[in-house]
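Here is a short report on one chain.

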Amino acid sequence: MKTSIATVSISGSLTDKLEAIAAAGYDGIEIFEQDFIAFDGSPRDVGRMVRDHGLEITLFQPFRDFEGLPEPYRSKAFDRAERKFDLMGELGTDLVLYCSSCHPKALGGIDRAADDFAELGERAAKRGMRVGYEALAWGKHVSDHRDAWEIVRRADHPNIGLILDSFHTLGRGIDPETIRRIPGDKIFFIQLADAPKIDMDLLYWSRHFRNMPGEGDLPVKAFMQAVMAAGYDGPISLEIFNDQFRGSSTRQVAQDGYRSLVALMDDVRRAEPSLDVDLPRIPARVPSHGVSFIEFATRGDEADKLEALLATLGFAPSGTHRNKAVSLWSQGGVRIVLNKETEGHAATAFNARGTTVCDIGLRVADAQAVVDRAGALGIAPFSQPIGPGEMDIPAIRGLSGSVLHFIDEGTGLEHVWQVEFGQSETPAGAGITGIDHIAQTMSYEDMLSWTLFYTSVFDMRKSAMVDVFDPDGLVRSQVVESPDGALKITLNGADSHRTLAGRFLSETFGASVQHVALATDDIFSTLTDMTARGFEPLPMPQNYYDDLAARFDIAPDLLARMQALNVLYDHDEKGAFFQCYSKAFAGGLFFEILQRDPGYTGFGAPNAPFRIAAQKRQVRGRGMPAR
């Protein structure tokens, strides 16, 4: 499978783009004319630079407003075509994209357009060039790939073929199954883009909201199944127009794109095994059975304060690492590791961010299969030297400096707690039964990367994005979770440092985990126990409980218990949800204690603005220094 990406898809200069594209593992690029024009060098210099990066120019584009023009516009269009053929020869590419005309003088008619392309095919053949015709979703006369194919068919020239773009087909709601009837050798090029479902003008939607396959809502897998069933065997390329990507990390967006292509084509092969997909075999997405451990990098006074907080939550020391300054705290089904090492990954994380979650361990069906799949998607493995008697636990690097370790039962990795920490039993604690979810915070522009990371590596689904209102801005939130709900991660994107989430990112220099939600079967019993241990919940105002009484039919004695323990409440048609928060520590980290009815699948989103306001009352005012 030959992978490609359009240079318009990522930010930076042409040199920056080529370096990132090559590093991500692509085979080639679609070079956009404006990238070439903005470069201070000749066409030959550009072609040589592309090849020096181990890439090829798979497509030159775009050529606009060609077919169906009356004279003198028609002659001028052919003159432009000859000049572009000259330029392509200098660049070292033989394929150019012609998009369906939007010219105000363009005339309709399948045969008229076919005649134009037949003549163009003759000119292209003399120059050793090929022309691909693409139906723009907003084309004046041709906006459907079926009409574009009929023009190509009637042109009947070996140097004229069809270019298919998933957005132009799927954005108009055209059935991709119609592609199966097109001969594969007449499809010259495939462009891929996903997009969120938004009801807006097609051109504006396309120019601003495209994203990588798997990041949006379009059926790109069905599109590629149809393309491969037609017999196509050429490059598969990304053409992404996205305002966020234009201001994001060049290297990260390039890596995301490559990851999305490999994951998509693996899905295509699994969905329709008879298709000939030229892609090395990789493990399927591995299901996760939940969180095995949360590891904090901490030291000194901050470590003392964290240990004191854990004690009030009902955790107790249950093991000490045989070789390192690392302790294990446990309760119910939850393990929290405190790493006070002065060398290694945890030490680096602490030096950069202070007390922070530096590692997350996940229970999976096959630990090595996760690492192997991640590697095929361009995700680097993680390792550091292990000491005597320590176990080599498979791990990968996540985003924002995060690390994920994987523990399965088939290889004995689940015995790491006895082998390395000497743990014999888990303290009963205050009634915490497990980790309900982990909340990770990032810049809004990075949310698509995080979503793609989890859904391409693991068997996880994503929810619709929701808006969370902060008194000083907006935070967008999205959930990724395993089908059985054993692993749930909320992704919260901040686009302003004034929000609580943005402030956390600023003060921790980009730490990802902002809070850990602990589950209990009886939140009132658990909080009563925790209070006796010295736990101090986040205080909620009287107004909140007055509003609850007005909105919900809550028994007065239950409402009084909730208010006494600072418990928040939500419910839907399937069940009730109770939640309480710790006060923030270490730059904005906090714990949540919650109880959910089995049918309730939300996260108490209606309570978020009130929780955020309460947390902001606990922190220093604006303009006050941290020290």
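Buried residues, those under 20% relative accessible area with a 1.4 Å probe and protein chains only, make up 57% of the 627 residues in the chain. The model is predicted: local features need pLDDT of at least 70, side-chain atom pairs count only at pLDDT 80 or more, and totals for chains, interfaces and linings use all residues. Residues are numbered from 1 along each chain as its sequence is written, and side-chain values use heavy atoms, without hydrogens and water.

The chain has 21 helices and 24 strands. These are DSSP runs, numbered from the N terminus: helices are H or I with at least four residues, strands E with at least two. The radius of gyration is 28 Å, close to the 25 Å that the globule rule gives for 627 residues, so the chain is as compact as a globular protein of that length. That radius is taken over C-alpha atoms, and the rule is 2.2 Å times the number of residues to the power 0.38. Of the contacts (heavy atoms within 4.5 Å) with a separation of 6 or more, 73% join residues 24 or more positions apart.

Now the helix pair. The axes of H1 and H11, lines fitted to C-alpha atoms over the stretch in contact, come within 9 Å and cross at roughly 40°.

| Helix | Residues | Contact residues |
|---|---|---|
| H1 | residues 14-24 | Asp-16, Lys-17, Ala-20, Ile-21, Ala-23, Ala-24 |
| H11 | residues 250-271 | Thr-250, Arg-251, Ala-254, Gln-255, Tyr-258 |

Note on methods:
Axes are lines fitted to C-alpha atoms, for helices over the stretch in contact, and angles run from 0 to 180 degrees between N-to-C directions. Buried means under 20% relative accessible area, exposed over 50%, partly exposed in between (1.4 Å probe, protein chains only).
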